[in-house]
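Trainee: Could we go through this model together, starting with the way its helices pack?
Mentor: Gladly, let us look at it first.

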Amino acid sequence: MNSELKSTIVRKILPRVEKPAQYLGGEWNMVRKLPGEVTGRLCLAFPDVYSIGMSNHGLQVLYAVVNRLADWACERAFAPWPDFEKLLREYRLPLYSLETFTPLSAFDIVGFSLQHELCYTNVLTMLDLGGIPLRTVDRQLRDPLVIAGGPCTVNPEPMAEFVDVFVVGDGEEILPELCRLWLRLRESCPDRREALCQLGQLLPNCYVPIGYEVVYDSDGRALPPRPTCAGLPVVIRPAVVADLESVPLPTRPVVPNIECVQDRIAVEIMRGCPWRCRFCQSTTLKRPVRFRRVQTIVDAVVETYRHTGYNEVSLLSLSTSDYPHFEELYQRLKEALAPYRVSISVPSLRINEQLRLVGEILDTDRHSGLTLAPEAALDPMRARIGKNITNDDLIAGCRRAFERGFERVKLYFMCGLPGETAADLDGIIELAEAISRLRKELVGRPATVVANVSNLVPKPHTPFQWQGMARREYFVQAHRRLVSRKRMRTVELKYHDLETSLLEGLLSRGDRRLGPVIEWAWRQGCRLDSWTEYFRPEIWWDACRRFGVDVDLILHEPFPLERPLPWDHIAIRQGKAYLENEFRRSLILPAVCPSSAQDCEEVGPAAGGNSPRGD
């Protein structure tokens, strides 16, 4: 324990910040191992604030995995709010771990979870505050190994200059192996570059950017990086935990000191999704589909309750109602938890015949709302995007839920889909209002329906990766059309911030040339970009102009099907041929990505403002 640092933080800084408990540590179920008791130390550095990071189930899983090792300690750090960052810099104090108040620079390994592209500047904040050089090339052999995992690793290139090793795929089995290997290589190799290249040779699920170079085609597009160190793989394969039962569920999760986004027991009941939605990156990254046994889940939930006292449990997966023993699991959990008055939350329901069943077995104990993701409102568009559901199933499921006392429905849609028409947009409002009226027909009062509309980003390693993202003008007109069509006061329309979506698209589809853009935006003050009150998009677009990044080419121009993609050096389990086949199947119906305001019937004057390129 760094007592001097802790004393300074407690006396001089915490009284001057909001929610100081998030920087104090000492939480229930926290694991603290003294440095002399272990041979290696890992800090899981979550690049968002405490209330978000402590709600992340993956963080709790990896924390438990590493701390089960007798020779390793795992600690935690989170991105600071601006008030805390300012005071750390004012007093020249480092960002530290919550367990022992150890500066990040003193760890053997610092691991980031890249859940979302808009957290990239937070990584730089944490490295800088932690006393770690930002760029791999500036680090010495004794500096911490900076690793990253999570969904953003499937296109690691924008962050390649800042991360030593990207861990692709499931982390539970490979992370302990990587930790122990790094200590051996650090002792046996003459310099950091040699150690990193050897690590990449020995671990086929790890991508070491320093051992690869990027070549650019004549049209300005990046080609997949190619190895410059002998023995490095041309393609990085994802790590896969074949048997979920072999990885114990965390039954002593750290209980946060402050209220968080998810204050409940979280238990992963299955990994992967049996469906093949063409817009969804998770369904390709998380295959194959794997299940936990009912008894394993029930035992873990009861034990976790005894170690935490939470009054709600959330059943996690990409499609929870597709768990093959869902009804049995739900009933057994209800029986086991009844004495404790613990409710059950099912956050991801699929709209199919299972929803009709779910409507029968779910209750409204502390819950009166249902969350569903039809994605599109009309069946032809759903066929195009691979969402194999019908409105009949949706209406039938909502009917059962309303009959059992549910009052609210939250619906998730997308706009900017390939081949989208004005009818598809109108259908979003028509479907939401039809569901609201359905409850009035049944019980005399309409349902409150919230229609959330996101802007499609064609992500890497999805069948739509060859598509360009719809342009700014299209989304502006689409959003206006949705607003103009809404009539019922019981239907609330929300749509995702456009600037955020455009930046997400740029960072997810970009290449290594975005590294200087990210660093410059960060140096100009970009922090917590996923938080509306701190997001400053004008800095990002200015950075792109400053460094000559062709935003239009990266973000909006489609890729020819036959050409290599900038992220082809990262593989998915199904292979690229699967994605190509799914893309061709989506073209059976006319599918032209909307590219201008004229592709959507105008409902008002075009909005002002500059394009991402500043045109």
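**Helices, sheet and cavities**

Mentor: Helix α16 passes α18 in a left-handed crossing, where left-handed means that the near helix is turned anticlockwise from the far one by less than a right angle. This is a predicted model, in which local features need pLDDT of at least 70 and side-chain atom pairs count only at pLDDT 80 or more, while totals for chains, interfaces and linings use all residues. Residues are numbered from 1 along each chain as its sequence is written, and side-chain values use heavy atoms, with hydrogens and water left out.

Trainee: At what angle do α16 and α18 pack, and how far apart are their axes?
Mentor: Helix α16 (residues 498–509) and helix α18 (residues 537–546) pack at about 35 degrees with axes 10 Å apart; axes are lines fitted to C-alpha atoms, for helices over the stretch in contact, and angles run from 0 to 180 degrees between N-to-C directions. Helices (H or I, at least four residues) and strands (E, at least two) are DSSP runs numbered from the N terminus.

Trainee: Which residues of α16 and α18 meet?
Mentor: From α16 there are Glu499, Leu502, Leu503, Leu506 and Leu507, which meet Pro537, Trp540, Trp541 and Cys544 of α18, contact being heavy atoms within 4.5 Å.

Trainee: Switching to the sheet, what is the strand order?
Mentor: The open sheet of 6 strands runs β2-β1-β3-β4-β5-β6 with mixed pairing, and two strands pair if DSSP finds at least two bridges between them. Strands β2 (72–78) and β6 (206–207) stand at the edges with a single partner strand each, so one side of each has no neighbour in the sheet.

Trainee: And what about β4 and β5, parallel or antiparallel?
Mentor: Strands β4 (residues 145–149) and β5 (residues 165–167) pair in the parallel sense over 2 bridges, and alanine 148 has phenylalanine 166 in β5 as its bridge partner. Helix α6 (residues 174–188) packs on the sheet, and its direction makes about 165 degrees with that of β4.

Trainee: How much space lies in the largest cavity, and what lines it?
Mentor: About 70 Å³ lies there, and the lining consists of Gln22, Tyr23, Arg76, Ala77, Phe78, Phe84, Leu95, Tyr96 and Leu98. On a 1 Å grid over the protein atoms alone, a cavity is a set of points where a 1.4 Å probe fits but cannot get out, and lining residues have an atom within 4 Å of a point. Grid points are joined across faces, edges and corners, and a volume is the space filled by probe spheres set on the points.

Trainee: Which strand gives the most to that lining?
Mentor: Strand β2 does, with 3 residues.

Notes: 1 Å grid on protein atoms, 1.4 Å probe; cavity = no way out; pocket = protein on both sides within 12 Å on 5 of 7 lines; lining within 4 Å.
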